[in-house]
Amino acid sequence: YVTGVWSTDGSGENLSFAIMKGYEDQAKAEILDQVADKNSVTFAEGGKYSLAELKEVQDQISSKMSEGQGNYPVWGCGIDEMGNTVACSINMSAENAQTVKNELTARYGDMIRFEE
């Protein structure tokens, strides 16, 4: 139910946790139970996908990139925690780019976004 974690103020000491709607109370209790300085944590309403779900998508796309040995049009992907998506860098001038983009969009929907 955690959809993102980032620095609240640019330091490594104050963190913001984005939580899936409906899990706020459970998440706050579990997270605060693990933190010594409870004032260093803030919470925000997160997106609809957990980090675990986004990581699974990232891993699947990364596997396709490895299998393609440089011929796969997606050349990078990473989790955008604040945007609650997997951001994929794609070479749209590659021969099969539009096909791959369509396939990934059909499979993952709004969990992914593309950058040329």
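Modeller: Let's start with a term: a disulfide is a pair of cysteine sulfur atoms within 2.5 Å. This is a predicted model, where local features need pLDDT of at least 70 and side-chain atom pairs pLDDT 80 or more, while totals for chains, interfaces and linings use all residues. Residues are numbered from 1 along each chain as its sequence is written, and side-chain values use heavy atoms, leaving out hydrogens and water.

Colleague: How many disulfides does the structure hold?

Modeller: Take Cys77, whose closest cysteine sulfur is in Cys88. Those sulfurs are 5.2 Å apart, too far for a bond. The number of disulfides is zero.

Colleague: Is Cys88 buried or exposed?

Modeller: Buried means under 20% relative accessible area, exposed over 50%, and partly exposed in between (1.4 Å probe, protein chains only). Cys88 has a relative accessible area of 0%, so the word for Cys88 is buried.

Colleague: Are the rings of Tyr1 and Tyr23 stacked or edge-to-face?

Modeller: Rings of Phe, Tyr and Trp (its six-membered ring) pair if their centres lie within 6.5 Å; planes under 30 degrees apart count as stacked, over 60 as edge-to-face and the rest as tilted. The centres of Tyr1 and Tyr23 are 5.6 Å apart and their planes lie at 20°, so this pair is stacked.

Colleague: Which residue forms an aromatic pair with Phe17?

Modeller: Good one to look up in the structure! The pair is tilted, with 35° between the planes and 6.2 Å from centre to centre. Phe17 itself is buried, at 14% relative accessibility.
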